[in-house]
Number of protein chains: 2
Amino acid sequence: MTAATPSLPRLFGFIAGSEGPWRIETIAAVVGEPVPGAARLHVVADPLAQLPVNASWSLRGITSNERYVEREEKTTLAAKQEGLGRPAATRAALIPIRKNAAWWALTQDERRAVFEAESQHIAIGLKYLPAVARRLHHCRDLGPSEPFDFITWFEYAPADSAAFEELVRALRASPEWQYVDREVDIRLALDPA
Amino acid sequence: MTAATPSLPRLFGFIAGSEGPWRIETIAAVVGEPVPGAARLHVVADPLAQLPVNASWSLRGITSNERYVEREEKTTLAAKQEGLGRPAATRAALIPIRKNAAWWALTQDERRAVFEAESQHIAIGLKYLPAVARRLHHCRDLGPSEPFDFITWFEYAPADSAAFEELVRALRASPEWQYVDREVDIRLALDPA
C-alpha cells in the first residue's frame, strides 16, 4: 500500500442560517424561484450530507475540470487572477444558476460557441481580474435532482463593488444567459460575529 | 404550481452480488486495482444510497451532457446507433475507468485533441455501430472520492463478441489510454435465474 496522496477539497457547502462569518445582505431572485432568507453563511469544505443544526438551507457544489477554457486563455487567466481569502476582499456574491434543457442538448462545439464566440464569457471575466476572485462549483452531476447546475462564489473589496455590478450586468446581457432559467444573487459582507 | 416534468433517469447503479439478471463471467483488472468477485449483477435506475442486502459491491454513475462530441459527429452517431435492451444483445461489458491527474489538468482543447484528433475515440466507436450499444455514465463529479471517473455499459449479441474485442483493443492502444490509471473489465451474459 502506498500512502494516500493528500488532495485539495473539491466539494464545498454553503450553509445559511444564524451563524457564520459572512453576513447576508441581500437575496435577489434574478430568474425563477428565490431561496429562503437567512442572516449569515458559512462556506465549508467537505460538508456532511446532514444539514447542521441551526442551518436554514444549504447548497453544495464540486470544483471540476474546465469545460470551455483553452490553453492560451488559461495561461492568461492564471497570470492575472488572485485567490480567495484576500484580507481586503470583504464583499462576496454567491450566485447559483441553472441552465435549461436546450443548453444541455447542445454539443460541445455549440456550447463553446455560445459561451465565448457569442458571449465573451471568458473575456468579460478577464476584464475584472484581479479585482474579482472567484471559484466555480458544479452541481448538475452531483445527483439527478440538484436545484442548480452551477454555483459561483465571488470575493472583492468594497471599492470594487461597482466593477462587480458591471461584470454581472455584462454576463446577464449575453446570449449565454438566454439559457439560464433560474438564478439567485446573494450578496454578503465579511463580518465575523 | 405547474406539474413536474417527468424526466428520464440519469443516475444508475450497478449492483453485484448473488442476484440479478446478468451473470458475471469474468472480472479482469486491466490497469490498477480490480473489484471483488461476484456471481450476478443488477443494473438499476435511481439507486438508493444504501447498498441492498445481498450486494457485495456497487458502482454508480450519472448520464450527462456530451463533453467532446460535436454536432456533425452527434448526427452521424445518432443515425447509426441502437438502444440498450435489444433482445439479441445478451452479452454485456461493464468497464469502469479512472483517468490520472495529468488528464484532468488538460484544458478543453487539449483533451479534445487527445480524444479525437490523436485517438479517434468517436471514429472507433462509430465503426462498431449499431452492433455495440452503449451508455456512458460519469462518476467524477458525483463526489470527491469516487473510485472511478467513468463507467461504460456495453451490450452486444454473442456473434459480435469478436468485434467488441477489436473495439476495446483499439481504444486501449490509443494515446488517450496513456491517461487511464485504473480500468476494470467485467463481462456478463444475460441469464435470468
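How much area do chain B and chain A bury between them, and what share of it lies on carbon and sulfur atoms? In this predicted model, the two chains bury about 2,300 Å² between them, with 44% of that area on carbon and sulfur atoms.

**Relation between the copies**

- Chain B is superposed on chain A by a rotation of 180° with 0.0 Å of shift along the axis, and the RMSD of that superposition is 0.0 Å. The two copies are therefore related as by a two-fold rotation axis.
- The C-alpha of B:Leu142 is the one in chain B that lies nearest the axis, at 2.1 Å from it.
- Of the interface residues of chain B, 100% are also interface residues in chain A, so the copies meet through the same surface.

**The interface of chain B and chain A**

- Chain B contributes 26 residues to the contact, while chain A contributes 27 residues. Three residues, B:Asn65, B:Arg71 and B:Asp141, supply 24% of the area that chain B buries against chain A, which is more than any other three residues supply.
- Between chain B and chain A there are six salt bridges. In one salt bridge across the two chains, the side chain of B:Arg71 meets that of A:Glu110, with an N to O distance of 2.7 Å.
- On the side of chain B that touches chain A, the elements giving two or more residues are α1 (71-80), α2 (101-105) and α3 (108-118) of chain B. The element that gives the most is α3(B), with four residues.
- By residue class, the side of chain B that touches chain A divides into 12 charged, nine nonpolar and five polar residues.

**Two buried residues of chain B**

- B:Trp104, which is found in helix α2 of chain B, counts as buried because its relative accessibility is 14%, below the 20% cut-off.
- Leaving out residues up to four places away in sequence, B:Trp104 touches B:Lys99, B:Arg140, B:Asp149 and B:Phe150, and it also touches A:Asn65 of the other chain.
- Although B:Trp104 and B:Tyr179 are 75 residues apart in sequence, their C-alpha atoms are 9.2 Å apart in space.
- B:His138 lies in strand β6 of chain B, which covers residues 133-138, and B:His138 likewise counts as buried, at 9% relative accessibility.
- Apart from neighbours within four places in sequence, B:His138 is in contact with B:Gly61, B:Ile62, B:Ser64, B:Asn65 and B:Arg67, as well as with B:Asp149 and B:Phe150.

**Salt bridges within the chains**

- Over all chains, the whole structure holds 36 salt bridges.
- In chain A, the side chains of A:Glu82 and A:Arg86 meet in a salt bridge with an N to O distance of 3.0 Å, and A:Glu82 counts as partly exposed, at 41% relative accessibility.
- A:Glu165 forms a salt bridge with A:Arg187, in which the closest N and O atoms are 2.6 Å apart. Because A:Glu165 lies in helix α5 (residues 161-172) and A:Arg187 in strand β8 (residues 180-190) of chain A, this pair ties together parts that are 22 residues apart in sequence.
- The two partners of that pair fall into separate accessibility classes: A:Glu165 counts as partly exposed, at 31% relative accessibility, whereas A:Arg187 is buried, with a relative accessible area of 12%.
- In chain B, the side chains of B:Glu146 and B:Arg60 meet in a salt bridge with an N to O distance of 3.6 Å. This pair links distant parts of the chain, 86 residues apart, since B:Glu146 is in the loop between β6 and β7 (150-156) and B:Arg60 is in strand β4 (residues 55-62) of chain B.
- Both residues of the pair count as partly exposed, B:Glu146 at 26% relative accessibility and B:Arg60 at 29%.
- Salt bridges that share partners join A:Glu165 and A:Arg187 with A:Arg172, A:Glu183 and A:Asp185 into one network.

Note on methods: Residues are numbered from 1 along each chain as its sequence is written. Chains are lettered from A and ligands numbered from 1 in the order in which they are written. This is a predicted model: local features need pLDDT of at least 70, side-chain atom pairs count only at pLDDT 80 or more; totals for chains, interfaces and linings use all residues. Side-chain values use heavy atoms; hydrogens and water are left out. Buried means under 20% relative accessible area, exposed over 50%, partly exposed in between (1.4 Å probe, protein chains only). Contact means heavy atoms within 4.5 Å. Copies are superposed by least squares on the C-alpha atoms of residues with pLDDT of at least 70 in both. Buried area is the accessible area (1.4 Å probe) that two parts lose on being put together, summed over both. A salt bridge is a side-chain nitrogen of Lys or Arg within 4 Å of a carboxyl oxygen of Asp or Glu. Ala, Val, Leu, Ile, Met, Phe, Trp, Tyr, Cys and Pro count as nonpolar, Asp, Glu, Lys and Arg as charged, and the others, Gly among them, as polar.
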